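Please review the structure shown below together with this briefing. The points that follow are grouped by topic.

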Amino acid sequence: MGPAATEQNPNLIEVKDLVVRFGDRTILDGITLNVRRGENFVILGGSGSGKTTLLRNLVGLLRPHAGTIIFAGRDFTEMSDDERIRARQRMGMCFQGSALFGSMTVGENVALPLLEHTKLEKSTIDIMVKIKLELVGLSGFEKYLPSELSGGMKKRAGLARAMAMDPQIIFYDEPSAGLDPIVAAGLDMLICKLKQTFGLTSVIVTHELASVEVVADRVCLLHRGKIAAMGTLDEVKRSPHPYVQQFFERRPSEEAGSGEAYIQSLTGPVER
Amino acid sequence: MSALFGYIGRGAIGGVRIFLAVSLLITATMHWVFVAPFQRKGLRVRAAIEQFVIIGFDALPIVMLICLLLGAILAMQSAYQLDRFGVGYLVPDLVAVAAMRELSPLMTAILVTGRSGSSFTAEIGTMKVSEEIDALEVMGLNPIKYLVVPKFIGTMLALPMITLVATFTMILGGFLLSTLYVGQDMSVYIQRSADAFGWQDFLNGMTKSVFFAATICWVGVYRGFQTEGGAGEVGRMTTSSVVTSIFMIIIVDVVFTYLFFSV
């Protein structure tokens, strides 16, 4: 367990009865889960299961319709703007497309949170940027622009930026999306390394089963806005829920049963 | 019939939504410009200066060239018409007053919309699409403070200043054409221009340009934040930003021209 575990509450994030709606579509329906300090928590789910929406709620980019999200003992939805800014300095996020600022070099990207939130000297910041880039295996790339990097390097640079303020927790949105298996495996190793060396908590949204095997301490599988199963990977795999079985066996959805149903799906319901 | 009501209703709701969103944007910008710096939350002075240079200084060559030519065109057009009434000597008055009150603020605003308003939308729209705006928020950096305020300050300072330069270039254009081509006496032309100069006209033009600046900035930024989806949407929003902005500038111009003449 990392240094963060010295605080009393074993849970860093507590989500209770979270409901998220876009218009009249319910995306998340009664999500309750806890993320413990120092663990790698994986949110699994198919496309459209609401996993990215859940992540965006956890970092406060979206406001839930109902329910509470408690981060380090404080309700995120009830924080003042200043408190939220302070809370956000304790979290980092790796975006799916890395979201590096295209007009800045990699070094400036990593330095940005430090420049804006701390009163450190320029020379100190330079050293910290070097350390963070070294950590993700990108030393010497300070002067490059994001457009000059490969997909995997961009992701790692994004991780270095997320690490800049020494956060307690890092959120990953589809870390291995669009990467080849070797680079993706490297990123998984990096996530594990951060947990071991710094006791970092990670919340990882993914649908890559291979990477779940490596990184996950606990898993939660979302299906149609609800939690289908939650626990360690083995526990989840043993769940009797039919969707869970289908997901892990990678079985495609059944085709529409009868010919009549297929025709109806094309023409709309037939009035009798 | 119900379709008609539905159309009107949806239009009205959409209009109210845009109004609310723009009001929020304006309030937030004002907060970060006038309130937050005094709460020691900082102001990105360097970025504002950079924007000022990009919006103002870099636009000078094209603005000056166009206004020089416009001044010449104005002098040429008015010389022919005024001569028919035997008052060709009034050309300097017409050029000076038209440049100060109307043409140079309007022309400058339209040029700056094309140069900078569009780039505000494209920049913020691209950042929105590539999750960079979200990244700013997650880092605890306010996108209004970080992106909008420097652009706002830059535009508000730059536009009146280039309008000033544009006014004099336009008068110079008229002067060059009238003296070199039409053959008016230089000292008479200068004298008449100086007599035509009125603080009232000058301030009218400057006031307009301040409001044009706010329009360009907020329309550009608002359209940028509205962008959702992909690269195609960035292009569409940029087009829409320029069209909306020019339209709004003309509306503002009409309102102020009416106000200035009725007061």
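This is a predicted model: local features need pLDDT of at least 70, side-chain atom pairs count only at pLDDT 80 or more; totals for chains, interfaces and linings use all residues.

Residues are numbered from 1 along each chain as its sequence is written, chains are lettered from A and ligands numbered from 1 in the order in which they are written, and side-chain values use heavy atoms, with hydrogens and water left out.

**Overall form of chain B**

- Chain B contains nine helices and zero strands; helices (H or I, at least four residues) and strands (E, at least two) are DSSP runs, numbered from the N terminus.
- Along the sequence, the pattern of chain B reads α-α-α-α-α-α-α-α-α.
- The C-alpha trace of chain B spans about 65 × 55 × 35 Å along its principal axes.
- Chain B has 263 residues, of which 46% count as buried; buried means under 20% relative accessible area, exposed over 50%, and partly exposed in between (1.4 Å probe, protein chains only).
- Of the contacts in chain B between residues at least 6 apart in sequence, 82% join residues at least 24 apart, where contact means heavy atoms within 4.5 Å.

**Contact between chain B and chain A**

- Chain B contributes 16 residues to the contact, and chain A contributes 22 residues.
- About 1500 Å² is buried between chain B and chain A, with carbon and sulfur atoms giving 59% of this area; buried area is the accessible area (1.4 Å probe) that two parts lose on being put together, summed over both.
- Within the area that chain B buries against chain A, B:E131, B:V138 and B:M139 supply 39%, more than any other three residues.
- Two salt bridges are found across the interface of chain B and chain A, a salt bridge being a side-chain nitrogen of Lys or Arg within 4 Å of a carboxyl oxygen of Asp or Glu.
- A salt bridge links B:D134 to A:R56, with the closest N and O atoms 2.9 Å apart.
- On the side of chain B that touches chain A, α5 (132-138) and α6 (143-182) of chain B each supply at least two residues.
- The largest share of that side, six residues, comes from α5(B).
- By class, the side of chain B that touches chain A comprises seven nonpolar, two polar and seven charged residues; Ala, Val, Leu, Ile, Met, Phe, Trp, Tyr, Cys and Pro count as nonpolar, Asp, Glu, Lys and Arg as charged, and the others, Gly among them, as polar.

**Strands of chain A**

- Four strands of chain A form an open sheet in the order β2-β1-β4-β5, with antiparallel pairing; two strands pair if DSSP finds at least two bridges between them.
- The edge strands of this sheet are β2 (25-36) and β5 (74-75) of chain A, each of which pairs on one side only.
- Nine bridges join strand β1 (residues 11-22) of chain A to β2(A) in the antiparallel sense, and the bridge partner of A:F22 in β2(A) is A:R25.
- Strand β9 (residues 218-223) of chain A is mostly covered, with five of its six residues buried.
- Strand β3 (residues 40-45) of chain A runs parallel to β9(A) and is joined to that strand by five bridges; A:G45 has A:L222 as its bridge partner in β9(A).
- β9(A) also pairs with strand β10 (residues 226-231) of chain A, in the antiparallel sense and over five bridges, and A:C220 stands opposite A:M230 in β10(A).
- Two residues separate β9(A) and β10(A) in a hairpin, and A:R224 in the turn has a positive phi of about 50°.

**Selected residues**

- B:W199 is found in helix α8 (residues 199-226) of chain B and is exposed, with a relative accessible area of 59%.
- The C-alpha atoms of B:W199 and B:M100 are 9.7 Å apart in space, while the two residues are 99 residues apart in sequence.
- B:T169, in helix α6 of chain B, counts as buried at 8% relative accessibility.
- Leaving aside neighbours within four places in sequence, B:T169 is in contact with B:M64, B:C67 and B:L68.
- A:R84 lies in helix α2 (residues 81-88) of chain A and counts as buried, at 12% relative accessibility.
- Not counting residues up to four places away in sequence, A:R84 touches A:R63, A:F76, A:T77 and A:M79.
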